[in-house]
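Hi,

Here is the structure I promised to pass on. Have a look at it first, and then read my notes below.

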Amino acid sequence: MAERADGDSSTVIVWNKERERFETEDKEAFLQYHLRDVGLVAAAADSSDNPEQEKRKGAAVVMDMVHTYVPRSKRGMGLAALLCDAAFAHAHCHSMLVIPTCTYISDTYLPRNPAWNSLVYNGEPKSSM
């Protein structure tokens, strides 16, 4: 649960795993994301030499934050930032990097919250060593 910056605890952000989004309880405002595999390393095929049975190893998963939406009637209340706070905290807790595809996140939220810049995926796979 996240609270608005003004301390109003009436706004609750919910993680909707099935729909890949963070949303307000009324589902009117949301941050949509997609999980993406990056830095994949294919393992050797199993003994049947069937390439379709190759297992993926070394996959890093990033959270591509693609869209933030707040209805006009609820804009200016800090909901977009609250949705981003919840999504970035989730990514951090699950050791995921993020791709800020949404322009609100890349152009407004991150400049205002530079502490989260360390989670931004830079296009290079992280070493597991």
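A quick definition before the rest: a residue is called buried under 20% relative accessible area, exposed over 50%, and partly exposed in between. Please also keep in mind that this is a predicted model.

With those cut-offs, E20 has a relative accessible area of 24%, so it is partly exposed. You'll find E20 in the loop between β1 and β2 (21–24). Its phi is near 50°, a positive value in a residue that isn't glycine.

S95 has a positive phi too, near 55°, and is not a glycine either. This one sits in the loop between α1 (79–93) and β7 (97–99). At 69% relative accessible area, S95 is exposed.

Back to strand β1 (residues 13–16), which includes N16. N16 is buried, at 12% relative accessibility. Setting aside neighbours within four places in sequence, N16 is in contact with R21 and E23. R21 also lies over the face of F30, 4.2 Å from the ring centre.

Now the aromatics: there are four aromatic pairs in the structure. In one of them, the ring centres of F22 and Y33 are 5.7 Å apart and the planes are at 40°, so the pair counts as tilted. This pair links distant parts of the chain, with F22 in strand β2 and Y33 in strand β3 (residues 30–38), 11 residues apart. F22 is buried at 3% relative accessibility, and Y33 is buried with a relative accessible area of 3%. Elsewhere, ring pairs join F88, Y109 and W116 into a cluster.

Cheers

Key: Residues are numbered from 1 along each chain as its sequence is written. This is a predicted model: local features need pLDDT of at least 70, side-chain atom pairs count only at pLDDT 80 or more; totals for chains, interfaces and linings use all residues. Side-chain values use heavy atoms; hydrogens and water are left out. Helices (H or I, at least four residues) and strands (E, at least two) are DSSP runs, numbered from the N terminus. Buried means under 20% relative accessible area, exposed over 50%, partly exposed in between (1.4 Å probe, protein chains only). Contact means heavy atoms within 4.5 Å. Rings of Phe, Tyr and Trp (its six-membered ring) pair if their centres lie within 6.5 Å; planes under 30 degrees apart count as stacked, over 60 as edge-to-face and the rest as tilted. A charge sits over a ring if NZ of Lys or CZ of Arg is within 6 Å of the ring centre and within 35 degrees of the ring normal.
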